[in-house]
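Grab a pencil and keep the viewer open. Below are some exercises, each followed by a worked solution.

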Amino acid sequence: MNQPNMTIQALLYRFGAALLLLLVSACGASNVVIEGNFPTPNVNKMPLSVAVIYEDALREFAYMEYSETGREEINIESGQSHIRLFNAVLPAMFDRVVNVDTMEDAVEQKVDAVFAPVIEEFQLALPAKTKLDVYEVWIKYNMRLVTTEGDYIADWVLTSYGKTPTATFRSVQDGINGATVVALRDLASSFSLSFSQVPEVSEWLRNL
Amino acid sequence: MAKKPLDRGTQEGINMSTIKKAQIVNVGVAFFIASILAACTSTTVDEFRQGETGIETDESVVILGRRQASDYETDSGFVECVGDRMQRGENAISVVPEQEFIDSMFPWFEPRTAPLRTRDLEQLMAEDVVANKMNDYGIRYIVWVDGFTETSGRTGSISCTVGPAGGGCFGFGTWEDDANFNARVWDVGSLKNVGTINADATGQSYLPALVIPIPLLARVEANACSRLAIQLKDFVNGS
């Protein structure tokens with residue numbers, strides 16, 4: 001006789017646990033992994049051999065957006081998309097590009113220079129906060145170009161901006177992804193077109 | 001078992017019920033048509049020609065949306081709509097899809113790097129990689145579409161309730177939509193701006209709600225797209 005009651009009780013416990021789990025998960029920050037493909041730039045290749053070091057800070061780069069009350073709201077993981085972008089852009093800019101983990105590896109590869117990009121700042125503007133009908137992303141980079149001996153050739157700041165409009169059936173995640181992909185394309189365009197115009201790089205290229 | 005014939009009163013009841021239903025349907029249809037007519041749009045198209053135009057069968061056009069403004073960007077859906085319509089019907093024109101063109105021209109037509117004036121295009125065409133790609137696509141004209149749809153004058157209110165017995169909405173809302181787009185046509189051969197076409201469509205939308213909200217939308221963007229595409233097709237063909 002007790003069996004049906006116990007079954008109902010067990011079901012109620014399970015339902016309660018599921019509801020609690022749902023509530024707890026609803027309170028956590030949502031995660032956005034930036035996804036997108038980047039075209040190869042149509043630029044003239046420079047006769048250079050460049051080693052690239054992607055530091056862990058770039059590989060695992062994530063930005064946390066907080067609500068107005070200080071609660072963790074959205075976690076944006078863009079490290080891997082940055083690496084995909086540089087892997088598409090750099091081989092189009094230089095004759096030879098090798099990915100290395102350390103400066104010693106770069107010396108072994110007998111390259112002209114070592115390139116190490118760093119993300120300094122990431123900013124996000126959501127329509128709910130700005131009251132504009134666009135998602136906006138700003139990213140500030142520190143681009144470092146050094147010799148295999150570790151001497152600085154150039155160290156310059158590059159900023160990129162991307163926006164995407166709100167749409168009726170577009171989720172916040174899609175909006176953030178869209179704006180970040182536009183910002184990454186902006187980085188690729190300004191980096192590939194302005195690289196040789198950076199004064200220190202220009203001087204180094206003349207003396208090479 | 002044989003069916004019992006209906007008495008006169010019951011037959012009249014059924015007939016009256018059928019007539020009433022038909023009347024309700026007719027009134028509903030009339031109301032719906034009247035509402036659609038009420039939600040119609042008015043569209044104005046202006047053309048300003050600055051040079052001769054014409055296009056060969058092996059040449060094509062690319063339509064690009066302007067995305068430099070800080071507070072809005074030209075909807076890619078609108079750009080696609082204009083392109084699709086230009087490729088249809090009599091004197092159809094070959095149109096290169098916007099995203100395909102931007103990707104293959106990367107990084108020269110990104111929001112930050114895209115040419116804003118024809119002399120910027122002249123500088124851009126001096127780059128071999130750009131000139132070769134343009135040639136591969138057979139681009140004769142670049143059409144820059146710039147604009148947006150604005151909603152204003154929202155009035156009325158609708159309240160919806162949901163209870164154990166069901167739910168429903170009651171109220172009335174109305175607003176005005178204004179789609180204003182202009183298209184600048186650049187001749188890639190002469191590197192000149194050969195004309196500008198402006199399409200402005202306005203319309204009033206209504207949202208009456210009697211249990212179910214019935215949106216009666218003014219299709220301003222669709223109308224602006226259709227009229228702009230027709231005018232652009234004629235303009236590019238030189239007619």
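The buried residues of α6(B) pack against β1, β2, α2, β4, β5 and β6 of chain B. That is where we begin, after some housekeeping. This is a predicted model: local features need pLDDT of at least 70, side-chain atom pairs count only at pLDDT 80 or more, and totals for chains, interfaces and linings use all residues. Residues are numbered from 1 along each chain as its sequence is written, while chains are lettered from A and ligands numbered from 1 in the order in which they are written.

**Exercise 1.** Work out which residues of α6(B) are buried.

*Solution.* Start with the element: helices (H or I, at least four residues) and strands (E, at least two) are DSSP runs, numbered from the N terminus. α6(B) has 18 residues and reaches 26 Å from its first C-alpha to its last, close to the 26 Å expected at 1.5 Å a residue; the expected span is 1.5 Å times one less than the number of residues.

Next, apply the burial rule: 20 or more other C-beta atoms within 10 Å of a residue's own make it buried, 12 or fewer exposed, anything in between partly exposed, with C-beta atoms placed from the backbone. The buried residues of α6(B) include Ala224(B), Cys225(B), Leu228(B), Ala229(B) and Leu232(B). Glu221(B), Arg227(B) and Lys233(B) are also among them. Now the spacing: an α-helix has 3.6 residues a turn, so residues three or four places apart point the same way.

**Exercise 2.** Which residues touch the most other members of the largest nonpolar core?

*Solution.* A nonpolar core is a set of buried Ala, Val, Leu, Ile, Met, Phe, Trp, Tyr and Cys residues joined through C-beta atoms within 7 Å. The largest has 43 residues, and Val82(B), Val143(B), Val145(B), Leu228(B) and Leu232(B) touch the most other members. α6(B) gives the most to this core, with eight residues.

Zoom in on Val82(B): not counting residues up to four places away in sequence, it touches Ile63(B), Val145(B), Cys225(B), Leu228(B), Ala229(B) and Leu232(B). A contact here is a pair of C-beta atoms, placed from the backbone, within 7 Å. A second, separate core has 36 residues, including Leu85(A), Val111(A), Leu145(A) and Ile176(A).

**Exercise 3.** Is Ser157(B) buried or exposed?

*Solution.* Find Ser157(B) in strand β4 of chain B. Ser157(B) is exposed because 10 other C-beta atoms lie within 10 Å. Leaving aside neighbours within four places in sequence, its contacts are Gly171(B) and Gly173(B).

**Exercise 4.** Describe the β7(A)/β8(A) hairpin, then the side of chain A that touches chain B.

*Solution.* Strand β7 (residues 134-146) of chain A pairs with β8(A) in the antiparallel sense over 13 bridges. Five residues lie between the two strands, and Gly150(A) in the turn has a positive phi of about 95°. Leu145(A) stands opposite Ala154(A) in β8(A).

Over to the interface: 14 residues of chain A are in contact with 12 residues of chain B. β8 (152-165) and α6 of chain A each supply at least two residues of that side of chain A, and α6(A) gives the most, with seven. Also, α6(A) is mostly covered, with 17 of its 23 residues buried.

How values were computed
Contact = placed C-beta atoms within 7 Å. Pairing = 2+ DSSP bridges.
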